[in-house]
Amino acid sequence: MYPFRNDETFVRNAWYVGCTHEEVAAGPIERTILDKPVVFYRSESGAAMAMHGLCPHRAYPLALKGQVKGDSLQCGYHGFTFDGRTGSCVRVPSQASVPSYKQRVYPVLERGPWIWIWPGDPSLADVATIPSLDEVGFGQGWKYLEPIKFSGIKGRYSLLMENLLDLTHVAYLHGDMGDFDAILQAPMRITEKEDRLTVVRPMQTGWTRFHASIFGDENRFEGGSESASITTFYGPGYITTTGYITSAIEGKEAVDKTIYGDMHFHHAITPETPRSCHYFGMSSRTHRLADKAFDEMLNPFDAAVRKQDVDAVEAIEGHMNQFGEPVVELLVNSDTAAAKLRRLMQRLIDNEQPR
Amino acid sequence: MYPFRNDETFVRNAWYVGCTHEEVAAGPIERTILDKPVVFYRSESGAAMAMHGLCPHRAYPLALKGQVKGDSLQCGYHGFTFDGRTGSCVRVPSQASVPSYKQRVYPVLERGPWIWIWPGDPSLADVATIPSLDEVGFGQGWKYLEPIKFSGIKGRYSLLMENLLDLTHVAYLHGDMGDFDAILQAPMRITEKEDRLTVVRPMQTGWTRFHASIFGDENRFEGGSESASITTFYGPGYITTTGYITSAIEGKEAVDKTIYGDMHFHHAITPETPRSCHYFGMSSRTHRLADKAFDEMLNPFDAAVRKQDVDAVEAIEGHMNQFGEPVVELLVNSDTAAAKLRRLMQRLIDNEQPR
Amino acid sequence: MYPFRNDETFVRNAWYVGCTHEEVAAGPIERTILDKPVVFYRSESGAAMAMHGLCPHRAYPLALKGQVKGDSLQCGYHGFTFDGRTGSCVRVPSQASVPSYKQRVYPVLERGPWIWIWPGDPSLADVATIPSLDEVGFGQGWKYLEPIKFSGIKGRYSLLMENLLDLTHVAYLHGDMGDFDAILQAPMRITEKEDRLTVVRPMQTGWTRFHASIFGDENRFEGGSESASITTFYGPGYITTTGYITSAIEGKEAVDKTIYGDMHFHHAITPETPRSCHYFGMSSRTHRLADKAFDEMLNPFDAAVRKQDVDAVEAIEGHMNQFGEPVVELLVNSDTAAAKLRRLMQRLIDNEQPR
């Protein structure tokens with residue numbers, strides 16, 4: 001299945017963002033993760049939990065009318081109850097004994113705004129491979145805003161990942177949101193290490209509408225600047241892109257990082273089905289930390305840009321489903337990073353297949 | 001196909017409720033019955049009729065713009081007309097002669113509020129096998145209200161039947177509608193006779209919110225009572241369940257049946273497709289016969305309860321269609337009646353298959 | 001696939017109406033033509049153009065955010081640009097060179113209100129086979145109104161063509177729009193010549209509601225008249241039907257053609273998918289040319305009649321998709337022309353298949 005070699009397109013042994021912290025505040029929710037129904041909930045003591053979303057008794061969805069009882073979840077149809085840590089059936093209300101049965105439970109970890117889930121082999125789940133708060137830009141000195149969620153985008157996750165690996169699209173798809181032409185000519189430096197991928201694109205650019213958006217028009221500089229756009233792939237479920245990482249401004253001795261600081265756009269991408277995905281966005285930054293007006297401008301701007309990507313991905317997927325997958329693909333230089341990612345993903349997929 | 005052994009899940013040689021009396025009042029209606037399009041109409045002399053729903057000329061649906069002419073139905077596209085009793089083509093407006101053609105017509109019988117249809121082999125249709133008004137609770141001394149219709153529930157009919165055969169679900173799925181916990185511990189006495197199945201569950205119970213609903217709070221009793229919940233399966237298309245059939249009240253010499261009378265909930269279930277069904281509900285009772293306020297409370301209450309069942313069935317079916325049919329099923333003691341029904345249904349299905 | 005012998009139901013080497021002149025006024029539009037996505041646009045110099053609707057780079061639909069640049073169309077995702085006459089890739093914004101690639105472009109011709117497209121082998125496209133303005137009734141002395149568009153009717157194109165070849169349906173399907181019973185008894189004279197088909201049905205008829213509609217009630221005649229209904233099939237994509245072509249009126253020496261002139265109803269039918277089509281309607285006439293009130297009555301009347309046909313076609317298709325294609329078809333004398341058309345279409349389809 002496009003763009004991969006075989007029908008299997010999921011990397012299963014990976015951490016994905018399953019939901020955000022506030023989504024489980026009001027009770028259990030169901031979400032399809034890698035083509036399986038999963039129920040997420042918070043135990044009475046506050047721990048994030050995830051188990052197979054259907055009751056093994058009558059296949060009723062546990063998130064519908066399901067009630068949290070301690071660490072356990074009680075089905076809303078006949079009251080069968082399962083422990084969220086072990087999966088054991090702990091109660092059948094119409095009888096004294098319980099059958100010996102283990103519901104599938106998933107490794108989960110709550111970190112920062114995200115509740116991560118490991119849909120693959122539980123014995124391989126290692127929380128150390130989840131990107132740390134510091135490295136992605138949630139740590140000390142960073143401020144982050146509310147998540148921007150798109151649950152169930154009707155497009156395969158690879159389309160969204162490859163969108164992010166070729167940012168020349170910002171000059172066209174997002175052309176109405178700012179002047180992004182500088183990216184078109186920027187060289188591309190790609191490094192690949194331990195299943196992570198970094199794309200650095202250094203740019204010479206003057207003040208643009210996008211500079212105004214993220215640094216504030218009152219901080220306008222004259223003349224040129226040196227900056228970079230950096231895209232980092234932390235794994236199949238997580239990518240960050242940056243605003244202008246500004247290293248030099250013409251006529252200034254140093255870049256004042258309280259003004260021209262760093263901004264990360266977070267992209268948590270989780271396969272829903274082979275042809276759809278969830279997309280959790282967020283921005284974090286090291287500058288203008290107390291600027292509420294900026295916060296209020298930034299989140300709608302960010303959401304509008306992401307919505308354009310979502311619309312593009314859904315348009316492409318919709319046409320693939322109607323007309324078939326591409327038989328030609330006219331790849332050019334700017335696709336180098338996306339092509340490298342595709343090979344990396346293919347390798348991760350292949351490594352999971354039985355030989 | 002779940003929960004049956006093979007792809008064939010319909011019992012065809014059976015009477016099903018096809019529509020209710022008032023549905024054909026305004027003209028022909030189309031309804032899918034056992035995966036076939038059927039047009040129901042009332043002849044000019046008032047007889048209920050059913051025939052194949054598509055005109056054999058150009059496959060136009062006869063219920064769209066179709067006009068009743070005597071016993072016949074005239075197609076709204078080119079005016080071809082077919083007799084509802086024999087199926088004969090009786091008129092082609094653009095020519096003097098008529099082709100020799102017989103449209104498929106179905107055995108139908110109107111009884112009480114229901115228009116029954118026999119979708120199987122017409123030579124086997126025996127109206128004596130339709131449950132009589134007296135036995136289901138429509139006869140002398142019974143009052144019934146308006147039908148509660150759910151046309152085209154997106155769930156296979158077996159899900160709705162099995163829902164009714166295990167009433168422990170009322171304590172959870174309908175838990176917000178009353179206090180139904182007594183059913184959880186009630187023993188289950190099942191009798192099977194001539195393809196009918198009866199489940200009696202005797203209960204000791206005090207006054208509950210559900211007693212208040214059906215008997216009226218002004219008739220509250222103190223202390224306990226002996227009662228039973230009775231479920232009767234009359235065939236694949238018809239099940240009744242009861243309110244509290246109250247046989248003894250603590251501290252009273254006899255149960256006053258004008259107050260604590262019997263109430264039947266009727267469940268006519270008709271397959272639409274292998275994955276969907278029609279559900280016609282109704283309540284009938286022997287007490288509070290002239291109590292209009294009770295009528296006005298009862299029908300919305302009844303409809304709300306049934307809607308919860310419909311929602312459950314659709315949730316289960318929707319998940320089956322997305323994620324596949326259950327591979328495990330954790331059956332317990334309270335599933336005994338449903339399991340027996342499943343075997344009975346399987347036998348009826350198998351008996352109709354060519355050997 | 002019904003009503004044809006094989007799965008292939010499209011005649012590809014034919015001219016079809018792809019869109020109307022005003023549809024491309026505001027920028028590129030996408031339309032599915034014979035199961036392919038096509039983008040139609042007008043070049044900066046005003047020429048109608050059509051090319052494959054997806055960018056070969058990332059399969060993004062060119063009509064979404066696409067921008068016309070001279071004769072070329074620029075993709076709204078990454079800015080790749082293709083020439084509308086040759087299909088050549090003429091620009092990739094992120095690099096100096098362009099890859100050698102030819103996007104599929106379609107032969108198109110704008111004539112009168114229609115933009116025609118040839119979806120078949122371009123080397124066979126001959127604009128001389130498009131019916132001329134004079135022969136269909138758009139030429140000197142004819143007035144035509146605004147197009148009546150139905151884009152993406154959920155019914156195969158053959159259903160709409162066969163609807164038009166048996167006009168006895170007007171007495172029933174359109175029975176509420178006028179008194180059309182005269183057509184039921186009219187003889188049918190069919191001529192077939194060079195893949196065109198003409199059906200003439202002479203009628204004796206008095207003044208009817210439909211006469212009133214098209215000739216005006218102030219021009220009522222008493223007694224009978226001689227007239228004809230003429231249906232002309234110009235090819236798989238174009239059919240005309242007529243109002244009463246009135247040749248004699250009882251008690252009048254001659255028919256005043258400024259009053260009782262000719263009226264053509266145009267039916268441009270273009271397959272969208274094997275089970276859906278586009279339907280572009282229009283009326284043209286030689287009488288009451290300056291009568292604005294008539295124009296304002298006529299277009300809604302015409303649209304309402306066509307909507308009834310569309311509804312019929314969609315009802316038939318919907319039932320076929322749900323219940324399967326017809327296994328019997330009760331054809332009678334009035335189906336002679338439709339049956340002849342079906343054989344003609346089958347021959348055209350078969351001729352395009354490899355032997």
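## Contacts between the chains

Chain C and chain A meet through 19 residues from chain C and 19 residues from chain A; two residues are in contact if their C-beta atoms, placed from the backbone, lie within 7 Å. The side of chain C that touches chain A holds 12 nonpolar, six polar and one charged residues. In this classification Ala, Val, Leu, Ile, Met, Phe, Trp, Tyr, Cys and Pro count as nonpolar, Asp, Glu, Lys and Arg as charged, and the others, Gly among them, as polar. This is a predicted model, in which local features need pLDDT of at least 70 and side-chain atom pairs count only at pLDDT 80 or more, while totals for chains, interfaces and linings use all residues. Residues are numbered from 1 along each chain as its sequence is written, and chains are lettered from A and ligands numbered from 1 in the order in which they are written.

Chain B also touches chain A, and this contact takes 19 residues from chain B and 20 residues from chain A. On the side of chain B, helix α5 (residues 292-323) gives the most, with six residues. Helices (H or I, at least four residues) and strands (E, at least two) are DSSP runs, numbered from the N terminus. By class, the side of chain B that touches chain A divides into 13 nonpolar, five polar and one charged residues.

## Symmetry

Two copies of a chain are related by a rotation about an axis and a shift along it. Here, chain C is superposed on chain A by a rotation of 120 degrees with 0.1 Å of shift along its axis, and the RMSD is 0.0 Å. That is the relation of a three-fold axis. The superposition is by least squares on the C-alpha atoms of residues with pLDDT of at least 70 in both copies. Which residue of chain C comes closest to the rotation axis? It is C:N321, whose C-alpha is at 11 Å.

## Two domains in chain A

Chain A is divided into domain 1 (16-124) and domain 2 (135-352); the bounds come from an automatic or database domain assignment. The centres of the two domains, taken over C-alpha atoms, are separated by 33 Å. Their contact takes 12 residues from domain 1 and 15 residues from domain 2.

On the side of domain 1 that touches domain 2, the elements that give two or more residues are β1 (16-20) and β2 (29-33) of chain A. β1(A) gives the most, with four residues. The residues on this side of domain 1 divide into six nonpolar, four polar and two charged.

## A sheet in chain B

Strands of a sheet pair through backbone hydrogen bonds, either parallel or antiparallel. In chain B, three strands form an open sheet in the order β1-β10-β9, with antiparallel pairing; two strands pair if DSSP finds at least two bridges between them. β1 (16-20) and β9 (108-111) of chain B stand at the edges, each with a single partner strand, so one side of each has no neighbour in the sheet. Neighbouring strands of this sheet are turned by 30 degrees against each other on average, direction ignored.

How many bridges join β9(B) to β10 of chain B? Four bridges join β9(B) to β10 (residues 114-117), and the two strands run antiparallel. In this pairing, B:V108 stands opposite B:I117 in β10(B).

## Backbone exceptions

Most residues other than glycine have a negative phi, and most peptide bonds are trans. The bond from B:Y2 to B:P3 is cis, with omega near 0 degrees, and B:P3 has its place in the segment before β1 of chain B. In chain C, the bond from C:Y2 to C:P3 is cis, with omega near 0 degrees, and C:P3 is in the segment before β1 (16-20) of chain C.

A:D35 is not a glycine but has a positive phi of about 70 degrees. A:D35 lies in the loop between β2 and β3 (36-42) of chain A. Is A:D35 buried or partly exposed? A:D35 is partly exposed, with 15 other C-beta atoms within 10 Å. A residue is buried if 20 or more other C-beta atoms lie within 10 Å of its own, exposed if 12 or fewer, and partly exposed in between, with C-beta atoms placed from the backbone. B:K65, also not a glycine, has a positive phi of about 60 degrees and is found in the loop between β4 (48-52) and β5 (67-69) of chain B. B:K65 counts as buried, with 21 C-beta neighbours inside 10 Å.

Technical notes:
Axes are lines fitted to C-alpha atoms, for helices over the stretch in contact, and angles run from 0 to 180 degrees between N-to-C directions.
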